[in-house]
Amino acid sequence: MTGENMEALMVDVATKIKDELSLNCSRLDAQQKTAAKAYNISIAVIDQAIKMVNMKFTSDSFDEKYYRVRESRIFNNPAAGYFNNQKVWFNQETNCDLKNAFLVYAHAVQMVRSAFYDKKMNELANAKKANAVEKIFECTMVIDTLKDLLEQWGKLWKI
């Protein structure tokens, strides 16, 4: 597995989830406005997740900076230490392809979690305190979509 392979697989997973969401949204009737809103938010979040996987930091894809920036964001970000327990493994690993695949995977997961998942979890908690039924529904759907995405991406890393 290389970084390029991992990126393509992650985008494929996210695209399939987005397509399924779009199909389900298209099947709603006009009265299901809350559900349609939740689907559209979930679709937009998946679009952003795809952009996070595809992030480029130079005009050249998969160059040294592509991986170096990811490594720095994964291991030097005190606010989002989702992969701190992987640093020793990463530093000792000699397979560059495997390390690059990990960097693509971990960077995207960290970005999705910190930008969307964690924030939606906080929104859900606040919505529950306020007994905001529509917001609870919306947040729950987005969270479930993101959980599915992260679980499917996790399976890719385990191969």
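Does Y66 count as buried or exposed, and at what relative accessibility is it placed in that class? In this predicted model, Y66 has a relative accessibility of 1% and therefore counts as buried, the cut-off for that class being under 20%. Y67 is buried as well, with a relative accessible area of 11%.

The structure holds 13 aromatic pairs, and Y66 and Y67 form one of them, an edge-to-face arrangement with 4.8 Å from centre to centre and 80 degrees between the planes. A stacked arrangement is found for F75 and F102, whose rings lie 6.2 Å apart, centre to centre, with 20 degrees between the planes. Because F75 belongs to helix α3 (residues 64-75) and F102 to helix α5, this pair ties together parts that are 27 residues apart in sequence. F75 is buried at a relative accessible area of 9%, and F102 is buried at 0%. Ring pairs also join F75 and F102 with F83, W89, F90, Y105 and W157 in a cluster; the face of F90, in turn, has K99 lying over it, at 4.5 Å from the ring centre.

Helix α5 (residues 96-130) also meets helix α2 (residues 33-53), their axes coming within 9 Å and crossing at roughly 145 degrees, in a right-handed crossing. On the α2 side the contact is made by V45, Q48, A49, M52 and V53, and on the α5 side by H107, A108, M111, V112, A115 and F116; by class, these comprise nine nonpolar, two polar and no charged residues.

Elsewhere, E134 in helix α6 (residues 133-157) counts as exposed, at 55% relative accessibility. E134 and K37 are 97 residues apart in sequence, while their C-alpha atoms are 9.9 Å apart in space.

Conventions. Residues numbered from 1 in each chain as written. Predicted model: local features only at pLDDT ≥ 70, side-chain atom pairs only at ≥ 80, totals over all residues. Heavy atoms only, no water. Axes fitted to C-alpha atoms, helices over the stretch in contact; angles between N-to-C directions. Helix = DSSP H or I, 4+ residues; strand = E, 2+ residues; numbered from the N terminus. Left-handed = near helix turned anticlockwise from the far one by under 90°. Contact = heavy atoms within 4.5 Å. Nonpolar A, V, L, I, M, F, W, Y, C, P; charged D, E, K, R; others polar. Buried < 20%, exposed > 50% of the residue type's maximum accessible area, 1.4 Å probe, protein only. Phe/Tyr/Trp six-rings, centres within 6.5 Å; stacked < 30°, edge-to-face > 60°. Lys NZ or Arg CZ within 6 Å of the ring centre and 35° of its normal.
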